[in-house]
Amino acid sequence: MSNAVSALSEAVLSGADPGELEACPLPDTYRAAFLRREDQEIFTGAKDKDVRRSIHVGDVPTPELAPDEVLVAVMAAAVNYNTVWSATFEPVPTFRFLRDLARHGGWDARHDRDYQVIGSDAAGVVVRVGAAVRHWKAGDKVVIAPPVIDEQESGAQQDGMLSSRQLAWGFETNFGAFGDYALVRATQLVRKPAHLTWEEAACNTLCLGTAYRMLIGDHGARIKMGDVVLIWGATGGLGAYAVQLVLRAGGIPVGVVGSADKADLLDRLGCRHVINRQELGFTDGGAEADSTQAWRELGSAIRKRVGEDPHVVFEHVGRNTFGASVFVARRGGVVVTCGSSTGYTHQYDNRYLWMKLKRVIGSHGANYHESVEANRLLELGLIVPALSRVHPFEQVAEATRAVQLNTHAGKVGVLCLAPREGLGVDDPLLREQVGEERLRTFRDHASC
Ligand SMILES: NC(=O)c1ccc[n+]([C@@H]2O[C@H](COP(=O)([O-])OP(=O)(O)OC[C@H]3O[C@@H](n4cnc5c(N)ncnc54)[C@H](OP(=O)(O)O)[C@@H]3O)[C@@H](O)[C@H]2O)c1
């Protein structure tokens with residue numbers, strides 16, 4: 001790395017004031033984790049698309065800043081499932097998104113490179129703002145919301161996620177979270193919760209925001225007090241926040257997990273109704289996808305635990321579970337879905353949908369307002385980070401591999417510029433009030 005990188009990084013780490021940060025020259029290059037265009041075919045025919053083969057760490061050029069953009073010195077980042085998708089080049093290589101983006105010309109052309117810096121969750125310090133940025137300045141401590149929204153597009157005025165040029169940062173764009181610096185739109189910035197460490201702050205925005213929109217926001221299931229909510233993958237990235245949101249909203253979460261250890265973790269999170277899917281035949285093989293027998297057993301297991309059917313089913317597993325989700329939702333109930341980890345083509349028995357007047361809601365990410373509202377719940381200490389473990393930067397690929405193999409729980413963090421864990425807390429009093437033990441719910445647990 002160049003000396004300029006060190007100078008700016010040192011200024012950030014020493015808490016330099018805005019003027020000092022702006023006076024530091026930008027580095028020509030920075031350390032990042034990236035995919036290479038030339039690797040797009042390496043998994044052809046491979047049984048195990050091991051992401052450690054496709055994720056590389058090295059220096060990349062610092063991109064030029066557009067007027068509505070901000071350069072952030074990244075202190076910590078976190079793995080999301082979308083990095084598994086991009087690093088396995090599935091369902092399509094994300095280099096295609098970069099090429100499509102570049103077709104718009106202008107500043108968008110910068111994104112189409114032979115490498116893609118990946119990652120969609122980060123916390124850090126603003127070091128430069130573009131000339132058109134109004135609400136942020138150098139030195140601000142921020143977390144980054146992944147949706148890149150074109151606010152000049154009319155749909156965005158109704159709901160940012162309805163903007164036809166809405167993109168996921170570090171997945172459908174370049175210059176993502178896994179680097180010492182990241183390039184983002186000003187409309188992605190959210191204030192860092194002052195009581196959290198850098199790595200705790202970095203892991204929430206994507207999954208918490210998505211779960212917030214699915215369950216609480218105006219565009220999702222809009223749960224209310226007393227609602228029974230079935231949550232697949234209840235200790236996973238999304239599920240860990242979904243459980244907390246349902247509990248805080250006065251609902252009754254029924255968490256599905258894949259092991260006894262994760263069942264114990266769920267109990268620790270305050271979820272009293274737990275189903276181990278392995279015991280009901282919902283294995284990873286997929287046979288349960290079309291098995292009405294398995295669906296019925298799941299329905300019975302839920303009734304046995306709570307005495308009634310779910311008002312809402314929180315879906316993201318896809319093909320293996322979608323039929324069951326439609327089946328077990330109560331008359332007039334809702335299946336809200338944002339993903340399909342086990343396959344995009346779902347089968348379900350439509351009689352159970354139409355005859356019982358159920359609804360399916362598609363959901364994606366969170367608009368800016370929802371991201372800010374979800375972050376507010378963190379700031380109030382109502383929701384705690386689901387961070388389970390943290391890796392040094394050189395192990396980004398190893399961290400992503402854990403998510404690929406489902407050997408993780410909650411969120412897996414990565415340190416970027418932060419030299420060690422535990423830094424970045426500006427409000428120790430609030431931290432004490434929220435409680436160290438609650439903040440460490442996912443840390444040091446057997447399933448993590
Ligand atoms: N559209 C959006 O905005 C958006 C946002 C975030 C995530 N997503 C998508 O949502 C999905 C989940 O994301 P995540 O961050 O929660 O991932 P994650 O951290 O890997 O958690 C997923 C959970 O799913 C469960 N699971 C895995 N295989 C399963 C199977 N065969 N049957 C039932 N459950 C299974 C696992 O729990 P157990 O093994 O304990 O059951 C795991 O904890 C991904 O496909 C991701 O791309 C979409």
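Which residues come nearest the ligand? Select Gly233, Gly236, Gly237, Gly258 and Gly339, which come nearest among the 32 residues around it. Keep in mind that this is a predicted model.

**The shell around the ligand**

Now show the whole shell. Its residues divide into 18 polar, 11 nonpolar and 3 charged. Colour helix H3 (81–87), helix H7 (205–215), helix H8 (237–248) and strand S12 (252–257); each supplies at least two residues of the shell. Next, colour domain 1 (3–203 + 381–439) and domain 2 (221–362). The ligand lies between these domains, because both give residues to its shell.

**Helix H8**

Stay with H8. Of its 12 residues, 10 are buried, so the helix is largely enclosed by the rest of the structure. Select the buried ones: Gly237, Leu238, Gly239, Ala240, Tyr241, Ala242, Val243, Gln244, Leu245 and Val246. Then check the length of H8. At 1.5 Å a residue, its 12 residues should span 16 Å, and the end C-alpha atoms are 18 Å apart, which agrees. Step just past H8 to glycine 250, where phi is positive, about 85 degrees.

**The largest nonpolar core**

Move on to the largest nonpolar core, with 136 residues. Select Val72, Val74, Ala76, Leu215, Phe314 and Val414, which have the most contacts inside this core. Strand S3 (residues 69–78) gives the most to the core, 9 residues. Domain 1 (3–203 + 381–439) and domain 2 (221–362) each supply at least three of its residues.

Finish on valine 72. Leaving aside neighbours within four places in sequence, its contacts are Ala122, Gly124, Val125, Val126, Val127, Val142, Ile144, Tyr181, Ala182 and Val184.

Terms used. Residues are numbered from 1 along each chain as its sequence is written. This is a predicted model: local features need pLDDT of at least 70, side-chain atom pairs count only at pLDDT 80 or more; totals for chains, interfaces and linings use all residues. A residue is near a molecule or strand if its C-beta atom, placed from the backbone, lies within 6 Å of it. Helices (H or I, at least four residues) and strands (E, at least two) are DSSP runs, numbered from the N terminus. Ala, Val, Leu, Ile, Met, Phe, Trp, Tyr, Cys and Pro count as nonpolar, Asp, Glu, Lys and Arg as charged, and the others, Gly among them, as polar. Domain bounds come from an automatic or database domain assignment. A nonpolar core is a set of buried Ala, Val, Leu, Ile, Met, Phe, Trp, Tyr and Cys residues joined through C-beta atoms within 7 Å. A residue is buried if 20 or more other C-beta atoms lie within 10 Å of its own, exposed if 12 or fewer, and partly exposed in between; C-beta atoms are placed from the backbone. Two residues are in contact if their C-beta atoms, placed from the backbone, lie within 7 Å. The expected span of a helix is 1.5 Å times one less than its number of residues.
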